Amino acid sequence: MQPIPLWTLQIPDTIAGARQKELYSLLSPAEQKRHDAMESFTRQKEYLLSHALARLKIAEVLKMPPADVPLLFEDNTKPSPIPGSLVPGHGSLVTGPWHLSLSHTHLLIACALAPCPVGVDVEPVGRTKHIDDVARRMFHPTEADEVCALIGDEKKLRFTQYWVLREAFYKASGMPLTDMIKGIVFNIDDDEKVQFTINHQPSTIPWQFSLTSPLPDHIMALAVQGPLSHTIKDIQLTEIV
Ligand SMILES: CC(C)(COP(=O)(O)OP(=O)(O)OC[C@H]1O[C@@H](n2cnc3c(N)ncnc32)[C@H](O)[C@@H]1OP(=O)(O)O)[C@@H](O)C(=O)NCCC(=O)NCCS
């Protein structure tokens, strides 16, 4: 079984100046430029911490210095697959490509790394005000009917669960949003296990999903497109600041 790691990091109120400089120096020139152009300090902090965390974790896997990690972002936004590297001690064994996915809220960063397409999304519960309208516009009609029939906290929770599942799937699959709305449907059973159908058929491509609550009032989904021998590893809170 190959575990798919998913790291989370709680965002601190402040980062000591020296540590901030160190983390900034791990970013590529393109990442530094994007960071510097951000107007909000909060967004800058999320960006710095998530990209530094990604580089530190990929560096551990590829056994190279974080600043040398060949991490690129398509259109300056979507993480590109990361080529494998020679593994010291294993002759010419090459691993990879590795797939990275990032997500952040004002409180938390999530970073997933897998040898197959992967997507992570984390959201606070209760962020969306007009839940029924948004569910009708963005979800499959079956999901929207379920959400619209619920009330109170149950409605907010189920809406957020479908939202993060859909965002995680979008990040991993790259399926256009218009195809996703009617083409895929999630179902969450009483044990919080996620069922998934695509174009009214059980998916022929092996997809795995997990739903967790890494912080109170936060819901996180992980989508992994890979054989069932890939197991989703427990979340670990990471300290880099
Ligand atoms: C781009 C998008 C996926 C970002 O998601 P978000 O919830 O706003 O923000 P998150 O913090 O979870 O994720 C942001 C990270 O996703 C990554 N990302 C950006 N575009 C991406 C893409 N097309 N595919 C995969 N990952 C992407 C980046 O690493 C980004 O972080 P960074 O800017 O710090 O590098 C989202 O805005 C989007 O366009 N979704 C389309 C589908 C949709 O509308 N779903 C609604 C629910 S049904």
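**Ground rules.** I number residues from 1 along each chain as its sequence is written. Since the model is predicted, local features need pLDDT of at least 70 and side-chain atom pairs count only at pLDDT 80 or more, while totals for chains, interfaces and linings use all residues.

**Whole chain.** I looked up the secondary structure and found seven helices and 14 strands in the protein chain. Both are DSSP runs numbered from the N terminus, helices being H or I of at least four residues and strands E of at least two. The radius of gyration, taken over C-alpha atoms, is 18 Å, close to the 18 Å that the globule rule (2.2 Å times the number of residues to the power 0.38) gives for 241 residues, so the chain is as compact as a globular protein of that length. Along the principal axes, the C-alpha atoms fill a box of roughly 50 × 40 × 30 Å. I noted that 31% of the 241 residues are buried. Burial is judged on C-beta atoms placed from the backbone: 20 or more others within 10 Å is buried, 12 or fewer is exposed, and in between is partly exposed. Of the contacts with a separation of 6 or more, 56% join residues 24 or more positions apart; a contact is two C-beta atoms, placed from the backbone, within 7 Å.

**Domains.** The domain assignment gives domain 1 (1–116 + 226–241) and domain 2 (121–225), with bounds from an automatic or database assignment. Their C-alpha centres lie 25 Å apart. I then checked the contacts between them: 18 residues of domain 1 touch 17 residues of domain 2. On the domain 1 side, strand 2 (6–10), strand 5 (99–104), strand 6 (108–114) and strand 13 (230–232) each supply at least two residues. Strand 6 has the largest share, four residues. That side has twelve nonpolar, six polar and no charged residues. Here nonpolar is Ala, Val, Leu, Ile, Met, Phe, Trp, Tyr, Cys and Pro, charged is Asp, Glu, Lys and Arg, and polar is the others, Gly among them.

I traced an open sheet of three strands in the order 8-9-10, with antiparallel pairing. Strand 8 (184–188) and strand 10 (201–202) stand at the edges, each with a single partner strand, so one side of each has no neighbour in the sheet. Pairing requires at least two DSSP bridges. Strand 9 (residues 194–198) pairs with strand 10 over two bridges, and Ile198 stands opposite Gln201 in strand 10.

**Loop residues.** Glu192, in the loop between strand 8 and strand 9, has a positive phi near 70° though it is not a glycine. Glu192 is exposed, with 11 other C-beta atoms within 10 Å. Lys63, also not a glycine, has a positive phi of about 55° and sits in the loop between helix 3 and strand 3 (73–74). Lys63 counts as exposed, with 12 C-beta neighbours inside 10 Å.
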